[in-house]
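Let's take a friendly walk through a protein model together. Have a look at the picture first, and then read on.

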Amino acid sequence: MQARQFRIAVAQVNPILGDLRKNLALHEQIAEQARADGVHLIIFPELSLTGYFVKDLVPSLALSCESPFLNGLKELSREISIVLGLVEESSDHRFYNAALLLEAGEVRHVHRKIYLPTYGMFDERRYFASGDRLRATQSRWGPMGLLLCEDLWHPSAPYVLSLGGMDLLVGLSSSPGRGLGAEEKLESVKVWESLIYTYAYLFSCFLVFANRVGYEDGVHFWGGSQILSPAGILLAKGKYHQEDLVIAELDRSELRRERATSPLLRDERPNLTLRELKRVIKERAK
Amino acid sequence: MEPIRPDVTINCELLRKILVGFIENEVHKMGFRRAVIGVSGGVDSALSAFLAAQALGPESVWGLVMPYKTSSPASVAHAQLVVQKLKIHSTLIDITPMIDVYFERFPEADALRRGNKMARERMTILYDHSAVLSALVLGTSNKSELMLGYGTLYGDMASAINPLGDLFKTQVWQLARHVGVPEEIMQKKPSADLWEGQTDEEELGFTYEEVDQVLMLMIDKRYEIADLVGAGFDEKFVRKVFEMVQSSQFKRRLPVIAKVSGRTIDRDFRYPRDWGR
């Protein structure tokens, strides 16, 4: 049975680059405190266990889902669901930029980042294997989709999750601040904020954007985590550039009201989309 | 046709916050609490000093003033102005004896050799003080000069961290004005002050206002030469800037290492500078 109301938090943290032990302690401490404060689901940013610019450290920091290192967090997840970012190692030793949902003492879901940015300042495809699945999971709090940073820049990803049934879209990020101009906000901040608002609205779902803060090798991460309602209303927002704990109460009846008002999901035509997409792919191959 | 003029205007307060956070974070995480800066009396080092004082507190910042006998007296006065306004620590070290002793052996040396030697002498002093004070050397090279190769390799280009390296000169000016760098310094023509009467813009053959326009489009927006000419910039000027950027690429890289092993420094041995921090 899914609860109608639940309390959700984003842990807007500053991980230590390449220090699993210290980052794990940080996760356990924050999750335990959040649990004590009545939080039901806590979300950490992309690569929260390792830091972002890990480069050749990837194999040394990689954890399998069965790693005893995660036992403490799995235990905690009996009382508070936890979403976190890590380098995941598959049984055949491929390394993924991944997000885990820990719930009821186990790994409930893994999302392996599909779209690995490898341009400009990014080099992820050099270090990580690309995920090849897009599916939401039945969490205690309803059907939940997990996506990682660049995944969200491909609308096809949340689109597929949405069609499969998704009440809550969780986007984990390590978004660097860039694009300084005369405007009040950096370019990357403006684009992200516009993007998540649009997705919450178009996919009629709750949306959590969990970003980190801190500096790595001169790159800064801008924070500004957000929790949005299915109508695109801002329920809670994290500070820019500072560590924060961002909390909101989600009421699932909000979802029902919004989908009754704005039946975008209902009116979506996946068969048409699929048929036309197949045609386009075939034509491009000529 | 009027060239497209990209907007180099920046949100100074946002930038100030980011750079102050950068200095505070990247100094402290390495286990240091202090910064040392070569304060020349110019706008770049003044800005670095202002940001460092905000990030670490003036009691944790050292400004070294290192004139040579031909440095303009105004330079030293302006450096003192910065130090006094910020209430940072300061030491005056006259580099004349060190430079002159060396060039007594090579009296035929030209101004360029002497200028580079001075820049490197200052670097050695900064790094010696870095050890003595347990402070990190803060850089002052801006993006315009780094792109054009207008700096001394292992001289003024050497530092532990550089808050200004992604700002064009015209953006340094904006931020400097915003944080309160004294007006006397703001008004000066940029100069490396390595010989009498030297100015950047005479040496380069163009102004920073002009070249920053081209650099912003060429570097930041990836305009090709043809795109820039199409946008209304003079072809000779554009080609000269491109040539300067290309020929100075060696200054922006570590020394080239002959690769023979399976894993070579900075080619396939890739770790973040902030490893474990």
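Predicted model: local features only at pLDDT ≥ 70, side-chain atom pairs only at ≥ 80, totals over all residues.

**A walk through two chains**

Residues are numbered from 1 along each chain as its sequence is written, while chains are lettered from A and ligands numbered from 1 in the order in which they are written.

A:Lys55 sits in the loop between strand 2 and helix 2 of chain A (helices, H or I with at least four residues, and strands, E with at least two, are DSSP runs numbered from the N terminus). Most residues other than glycine have a negative phi. Yet A:Lys55, not a glycine, has a positive phi of about 50°. A:Leu47 also has a positive phi of about 50°, but A:Leu47 counts as buried, with 28 C-beta neighbours inside 10 Å.

Now turn to chain B, where an open sheet of 4 strands has the order 3-2-1-4 with parallel pairing (two strands pair if DSSP finds at least two bridges between them). At the edges are strand 3 (89-92) and strand 4 (135-137) of chain B, each pairing on one side only. Further in, strand 1 (residues 34-38) and strand 2 (residues 61-65) of chain B pair over 4 bridges in the parallel sense. Here B:Ala35 stands opposite B:Val61 of strand 2.

Key: Buried ≥ 20, exposed ≤ 12 C-beta atoms within 10 Å, placed from the backbone.
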